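Please look over the sequence and the structure shown here before reading the briefing.

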Amino acid sequence: MSDNLGLAQLSDHLLIVAVVVYSLAMLAYAGDFAYGRRVKAAGAAGKAARPVPELAGVGASGGAATPGTPEGPEQPTAAVPPAATADSAPGDAGRLGPLIRGAIALTYLGLAAHVAGVITRGLAVHRVPWGDMYEFITALTCVTVIFFVALMMRYRAWHLGVFVMGAVVVALGLAQTIIYTPAGPLVPALKSYWLAIHVAAMTLSVGIFFVAAVLGVVYLFAERYSRRAAAGLSPANHGIMRRLPSAVELDRLTYRTVVFGFPIWTFGIIAGAIWADQAWGRYWGWDPVETWAFITWVIYACFLHARATAGWRGRRAAYIQLIAFGCLLFNVLVVQTFLTGLHSYAGLG
Amino acid sequence: MAVAGVLGVAACGGQIAANTPASNGNNFVSGNGTSSYFKAGSRLAAPAVSGSTLSGARLSLSSYRGKVVVINFWGSWCAPCRSEAPTLAVLSEQYQSKGVRFVGVDIRDSPASARAFVQNFGISYPSLNDPADEIALAFRHTVPPAAIPSTLVIDRNGQIAGRVIGQTSYSSLGNILAKVTAGG
Amino acid sequence: MTDVRSPQAGNGAAAPGVAEEPADVAGETIAGVADETETPRPGGFGAVAWARWAWRQLTSMRIALVLLFLLALGSVPGSLLPQQGIDPAGVQQYFTAHPALAPFLNALGLFNVFAAPWFAAIYLLLFVSLAGCVLPRSFRLARTARARPPQAPRHLSRLPNSVRYETAMTTEEASAAAAAFLTRRHFRLSQGEGWLSAEKGYRREAGNLLFHVALMGVLVSIGLGGLFGYKADRLLVEGTSFADTVTDLDAYHPGHLVSPNDLAPFSLTLDKFSASYVASGPDRNQPESFNAHVSYTAQPGDAARTYDIQVNHPLNVDAVKVYLLGHGYAPVFRVTDGQGKVVYDQATPFLPADQSTYLSEGVVKAPDAKPQQLGFAGVFLPTAVDVSGQLESAFPAPYLPAVSMIPYVGNLGLNNGVPQSVYQLNTTGMHRLATPVQVLTPGQSMKLPGGAGTLTFTGYRQWVSLQVTYDPGQVPALISGIAALAGLVLSFLVRRRRIFVRTYRGDSGRTVVDVAGLARSDVGGGFEAEFGELAAGLKSVHDHDSSPRSEETE
């Protein structure tokens, strides 16, 4: 069954369109930081460290210490804290400026092109569209954007878009230039239904961890900023920080994202082990990719443990999370490509 | 790594293809010459062994009942087997009068190479041709040959009295034969 | 993740930008494990006191973090440096390339990391640390699984999530209504005079412990495989058979408790091997499919059965699996020595030197040739073409098979007992015969000068490399892995929380209802929303029979 070259070309074009549209979206997000109008909160509790429910009674956070961003005299915020006011009135959309709304529209448009590009690639090669490195990166960035859009919708944290779009544009750009492989059949070792299962799980989890990493970086900036603001070195809620969720919320978002991705990553490793046993005769052989997947798993486990250990929360945990993502990147980009092993199916050689 | 006593390779591992097993290229499991002797009361009965020899005749172990039999697993391609061949040739002639018979089992060999080997080393005793290694399989419940070369000594009652794993020497096999022929 | 070790919320100083854990005001712990922020001092200077201190340290979360991190760090050289078990040729190459550095790395065990004692020490310590914490907690969970929640604290208003309101119901009615409401929500209750405690989410601890116990199960399974499993390799030419005994295997790696008697007694014959390759297009020469058609018997004397071994499709005989790892060509040669005797007549496996064209290299050794030993080294080309004077293989399928061999006479070095690679010729004791390079097609012969003999290329066959694996820890490892995943998901999804309700007669004569909530290790946040929802629900239950004059107070 030969590959459909026309569809393959269409896929390539759609993905290029996606990159361009994402870049425009990124510009629009950034533009909103610079030129967007300031928007009032909808009567929510503002950027309190602990978002307090409507029925808060005696002994609520007013008494307890509120670590995090101290309440300044004016608290205009477009990023409404999550949880309590997550189900705010639909009229909230009207509070967003035109630049942001344009950015959101462009994000959706880019995502549509992205999804179409991944699907047409799959149709062109008559199999799941994650059989080599190029396809893997396009598919996982698609997962990243979908997850992020869901996150931003739920927590109304649209202003995180600039960071997400930036990261995705870089990843897709890399995929389309250096890593690009034309559509082709799989080597016999990959012809198994485990390809769909194992690599799908990896695609999902890496896409989600990508989100967590971006959030982690933003968290570190927000945390540093709030520390400086608490020490009086910087004005509170200035500039970009005004529009972003508070450091506490970012920390929680990051944690929940990792919690979402970690079981999928674990499942991916198990599925990989089952497939390795069928194909290579052993379920674990310390192949470089297996080893680095294990290292990544262990460091994410470190992160989850650190969050529950006093003295290791906050900044240190965030560093651990970024180290874990660094290992993941190293695994995908360096180990799979350059180190010889049974996993060398990148299609580059 | 349990491949004990690999005495090193004359040349480097060589270009093993990417998806062939990463072996040292020897393609057999060699031993280190350890020998074991089993006391008279605790010996296991040897299984039935029969086949066709290199010259095409039928041969079975049962025809040697009452004699001490030495079974040597060898191949013409195997360096330790070639090294011990002169020893076996000498011992087979020496103990012939004491009622000891030697039988070879030729593994993973072609008849042409095997016959050339036998002629080259002046081996006078017959060897069974066993390309599928069925004879070694027959010993799996008792005292299996665990390397190439391996030598088993069967006493007059058809029980396994001793084993040498790896290249045998005049003294190690000679010792076992001396004990077994003495009725030990 | 959940805090296996410190069930108490830490009450260390919170760094800015981090949510504080709600302090456990009820003042009890799930287990008697010491709080994270203080390590109990040894009771004295005795050995027992120190041992107890050391044990507490080992089973603490901090040390677990350190050990986890060390485990990951220790794996890094195992992936970057060539490892003895996987790529011994690569290790040798590293030694030649870095003669000064390599012995130092070797002394540290970095060429066999995963079998090194220091690596074993790390995961064994981790195992002990894990067991030492998880097992007592499991027992505790079993004992307290049916326990009721504790009494509600006196001053509910001091808890971070609390609500107070009034209702027209009597205190008894209010308590009963609250109890009914919470029971409907699957809370476990305990009640007293004017107070009510409700708790939910016990499965979280169970899931947490299941995950960690399953991890230990994985470690044990790996150990099982290492002790009782074995792995062996065999290269098999078409038309030949092999039996699963040590004498018939190319390489044999038994577990520590495996003896040759334990090998499964199957025999296997390679009837035919077929491979297909992409003939045109950008992926030309890439393999499309491999199929090794074999017949086998599980025990000697059984009826033979057939099977097609392919990549991703191993043969399963009595829990032993036979995998197809690779393939190549074995040209068939006949060697006649100087005395006219046929001294060699068999298929000789050659190893592919080029993966895309399957140009293969190999040697023929005839140590019993007279008057001198003969050796040949050369190449086999499946589709031989002449490219501007250079002989090359154009395609991996055998459309135009040809060989080109170089003859040597002398001493092959086989008689000294040192095993040699069957793919390489040691020419130190040999000299090359002066004959022009000849390319032979099937049926052609090469006559050696000086009457030394003749080499005939009679044809070719294919070979497969098979791997025989027996791993009794395989299925337990899988089960443990799935159990770990289930425990993980359970511990993430379920949250443990308590709701307290106190009803008493207020100053205005109406019943005052205090509702407070507590989440244990609410690391991910979100309890406020749930509490708000529950409190609103309770309030509406209490408003149901009351006058509309109920009001909220801040």
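This is a predicted model: local features need pLDDT of at least 70, side-chain atom pairs count only at pLDDT 80 or more; totals for chains, interfaces and linings use all residues.

Residues are numbered from 1 along each chain as its sequence is written, while chains are lettered from A and ligands numbered from 1 in the order in which they are written.

**Chain A**

- Chain A has nine helices and zero strands, where helices (H or I, at least four residues) and strands (E, at least two) are DSSP runs numbered from the N terminus.
- Its pattern along the sequence is α-α-α-α-α-α-α-α-α.
- Of the 349 residues in chain A, 57% are buried; a residue is buried if 20 or more other C-beta atoms lie within 10 Å of its own, exposed if 12 or fewer, and partly exposed in between, with C-beta atoms placed from the backbone.
- Among the contacts in chain A with a separation of 6 or more, 84% are between residues 24 or more positions apart; two residues are in contact if their C-beta atoms, placed from the backbone, lie within 7 Å.
- Helix α8 of chain A (residues 288–307) has 20 residues and spans 29 Å from its first C-alpha to its last, close to the expected 28 Å; the expected span is 1.5 Å times one less than the number of residues.
- Because 19 of its 20 residues are buried, α8(A) is largely enclosed by the rest of the structure.

**Domains of chain A**

- Chain A is assigned domain 1 (1–42 + 96–185) and domain 2 (193–349); domain bounds come from an automatic or database domain assignment.
- Contacts between the two domains involve 23 residues of domain 1 of chain A and 24 residues of domain 2 of chain A.
- On the domain 1 side, α3 (133–155) and α4 (161–177) of chain A are the elements that give two or more residues, and α3(A) gives the most, with eleven.
- That side of domain 1 of chain A has 17 nonpolar, five polar and one charged residues; Ala, Val, Leu, Ile, Met, Phe, Trp, Tyr, Cys and Pro count as nonpolar, Asp, Glu, Lys and Arg as charged, and the others, Gly among them, as polar.

- Chain B has four helices and eight strands, in the order β-β-β-β-α-β-α-β-α-β-β-α.
- Buried residues are 51% of the 184 residues in chain B.
- Between chains B and C, 57 residues of chain B are in contact with 58 residues of chain C.
- On the chain B side, α1 (79–94), α2 (111–121) and α3 (134–138) each supply at least two residues, and α2(B) gives the most, with five.
- By class, the chain B side has 33 nonpolar, 20 polar and four charged residues.

- Residues making the contact include Phe267(A) and Ile270(A) of α7(A), and Leu485(C) and Leu488(C) of α8(C).
- The contact of α7(A) with α8(C) has ten nonpolar, three polar and one charged residues.

**Domains of chain C**

- Chain C is divided into domain 1 (47–144), domain 2 (156–201 + 495–543), domain 3 (226–327 + 467–482) and domain 4 (328–462).
- The C-alpha centres of domains 3 and 4 of chain C lie 29 Å apart, and their contact takes nine residues from domain 3 and eleven from domain 4.

**Single residues**

- Cis peptide bonds join Ile148(B) to Pro149(B), with omega about -5 degrees, and Lys370(C) to Pro371(C), with omega about 0 degrees.
- Tyr358(C) is not a glycine but has a positive phi of about 55 degrees, and Tyr358(C) is buried, with 26 other C-beta atoms within 10 Å.
- Ser388(C), also not a glycine, has a positive phi of about 45 degrees, and Ser388(C) is exposed, with 5 other C-beta atoms within 10 Å.
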